[in-house]
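The following exercises concern a single protein model. Each task is followed by a solution worked in steps.

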Amino acid sequence: MTAFPNRRTFLVPALSALLLSGSLAAADAGPAATEGDAMAAVPAPLLDTYWKLVQLGDGPHVSAYDNQPEPHLVLETGSGRFHGAGGCNRLRGNYSLDGRWLRFSAVGGTRMACVQGMRREQLLVATLAQVSSYAIQGQKLVLSDAEGRVLLRLEAVYLR
């Protein structure tokens, strides 16, 4: 310990300089990216992702009703099957995928009655039959018909 009698005298200025240089480098790089920004830049995979419904056509933002599942879809890898919820009932069916073309078929589900959301669920099921293409934009999925009209907007959700 006699070789460095006062380590603090040496270490404090050295650490301060190191921290300052790191702060300046970060300032030059622009604002720090948040985890959400980083995820938004990477496209979510179409398959095996929980896609929460956020909008039906040009309608208002979709949200879940109290004590009911949020409307969502999950397209399973390799099986050609999907499952999800319409906001009241569990949904299931088949899908076919060819490049950017996507079609849903044999859509069915449970038959529970709910106080709210039944009309929206029926509209969702009917709309799935019209889907013919998809586009992924970061963490968002857009499903369109054969003429390119946007039918459904969904958002990737990840469990924490």
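**Exercise 1.** What volume does the second largest pocket have? Identify its lining, the elements that supply it, and its composition by class.

*Solution.* The model is predicted. In this model the second largest pocket has a volume of about 210 Å³.

Step 1. The residues that line this pocket are Asn 89, Leu 91, Val 107, Gly 108, Gly 109, Thr 110, Arg 111, Met 112, Met 118, Glu 121, Gln 122 and Val 125.

Step 2. At least two lining residues come from each of β5 (101-109) and α3 (118-128). The most is given by α3, with 4 residues.

Step 3. Sorted by class, the lining of the second largest pocket comprises 5 nonpolar, 5 polar and 2 charged residues. Gly counts as polar in this scheme.

**Exercise 2.** How many aromatic pairs does the model contain? Classify the geometry and state which parts of the chain are tied together.

*Solution.* Step 1. The count comes to 1 aromatic pair, formed by Phe 82 and Phe 104.

Step 1. The ring centres lie 5.2 Å apart, with 85 degrees between the planes. Planes over 60 degrees apart count as edge-to-face, so the Phe 82 and Phe 104 pair is edge-to-face.

Step 2. Because Phe 82 belongs to strand β3 (residues 81-85) and Phe 104 to strand β5, the pair ties together parts that are 22 residues apart in sequence.

Step 3. Phe 82 and Phe 104 are both buried.

Notes: Residues numbered from 1 in each chain as written. Predicted model: local features only at pLDDT ≥ 70, side-chain atom pairs only at ≥ 80, totals over all residues. Heavy atoms only, no water. 1 Å grid on protein atoms, 1.4 Å probe; cavity = no way out; pocket = protein on both sides within 12 Å on 5 of 7 lines; lining within 4 Å. Points joined across faces, edges and corners; volume = space filled by probe spheres on them. Phe/Tyr/Trp six-rings, centres within 6.5 Å; stacked < 30°, edge-to-face > 60°. Buried < 20%, exposed > 50% of the residue type's maximum accessible area, 1.4 Å probe, protein only.
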